[in-house]
Amino acid sequence: MYIKDLRLNDQLDDIFYIVTVSRNVSTSNKPYASLVLQDKTGTVDAKKWDLSLQDEEILKAGNFIHVEGIVQEFNNKPQFRLSACSLIDPSKLNKADFMNSSPVPIKDLEKKLDYYLSLITKTNLHSLTKTIIDKRRGLFLNGVAATKIHHDFIGGLVFHTVSMCGLADKIVDHLNETYPDNPVDKSLLIAGCLLHDIGKIEEIEVDTVSKYTTKGHLIGHISLGFSIISETAKSMNLQGDEDVILLQHMVLSHHGKHEYGSPVLPMFKEAFLLSMIDDMDSKANFIDKAYDDLNKGEFSKNQFAFDNRPIYKPKK
């Protein structure tokens, strides 16, 4: 049984991955463990009461465990009460069975990726963007866009990227029809969408649980992405090309504010649009994730990504 299908009083006898675990002491002064368990459909909170020394050896973050127990409810959310657990050898498992993955097949996302690459009609921008992506295609297709805020699943990076490209494609057509005197450069904006998060393939290591690399912690994906573009442009003798400089600025400024991690702020139309499209797509996915845990007419708890505002799921 998958986590997304859990219902109150279900009896579980299955294998899960331990995301986090903490040891606590009950009011009766007995040790217990609070865990987050994961399969490819999501996570669930769990408790193991009357914790033994053997349990403590088994219940460690990063382990795969076979569990037995019952689904209960706490704070209107499912909580799994473990009655028994045992350690499982990960070499006998397919880790993909425990990792949240894209709702759209990767092959379909790759087709969209190549389509949007074809919309970059400027020769230098097309060559640069395609070279960067092709050299890292496997990592790009299987990467995550974040560790938890938005698109935090295998394929999330390319999912977020092609979704942004779809928005950009439609927005450019609308704006250029409405404001024809100063048209948006579609090639530049699509290239910006495709490469804005390219640094995340070096920032985040994808395993059963995604985590930040040393470079990710110390440098961050914005600077890593800028370096990737700079080094590739130099190798192609494009480092003086204005479109390349504009693309570099877009990557550096796409978070929109200094306090959000951008060392410079958007200074031209395509840079402003990239920042807004990125924010729009990431927030749409974040809200969808919040909706998954809400009934209609309910508010979420305060959300850090929304300036500590709750999210409301309309009744309609």
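I began with Tyr116 in this predicted model, and found that Tyr116 is buried, with a relative accessible area of 11%.

Next I looked up Tyr115. Tyr115 has 41% relative accessibility and counts as partly exposed, because that value falls between the limits of 20% and 50%.

How are the rings of Tyr115 and Tyr116 arranged? I noted that a pair of aromatic rings is described by the distance of the centres and the angle of the planes. For Tyr115 and Tyr116 I read 5.1 Å centre to centre and 65° between the planes, an edge-to-face pair.

I then turned to Phe153 and Phe159. Their ring centres are 5.7 Å apart and their planes stand at 85°, so I wrote this pair down as edge-to-face. Phe153 is buried at 8% relative accessible area, while Phe159 is partly exposed at 22%.

I checked the count of aromatic pairs too, and it comes to seven. I also found one aromatic cluster, formed by Tyr17, Phe64 and Phe98.

What lies over the face of Phe306? I found Lys283 there, at 5.7 Å from the ring centre.

My last stop was His221, which I located in helix 9, a helix of residues 221-235. Is His221 buried or exposed? His221 has 7% relative accessibility, so I put His221 down as buried. Leaving out residues up to four places away in sequence, I listed what His221 touches: His196, Asp197, Gly199, Lys200, Glu203, His254 and His255.

Definitions and conventions. Residues are numbered from 1 along each chain as its sequence is written. This is a predicted model: local features need pLDDT of at least 70, side-chain atom pairs count only at pLDDT 80 or more; totals for chains, interfaces and linings use all residues. Side-chain values use heavy atoms; hydrogens and water are left out. Helices (H or I, at least four residues) and strands (E, at least two) are DSSP runs, numbered from the N terminus. Buried means under 20% relative accessible area, exposed over 50%, partly exposed in between (1.4 Å probe, protein chains only). Contact means heavy atoms within 4.5 Å. Rings of Phe, Tyr and Trp (its six-membered ring) pair if their centres lie within 6.5 Å; planes under 30 degrees apart count as stacked, over 60 as edge-to-face and the rest as tilted. A charge sits over a ring if NZ of Lys or CZ of Arg is within 6 Å of the ring centre and within 35 degrees of the ring normal.
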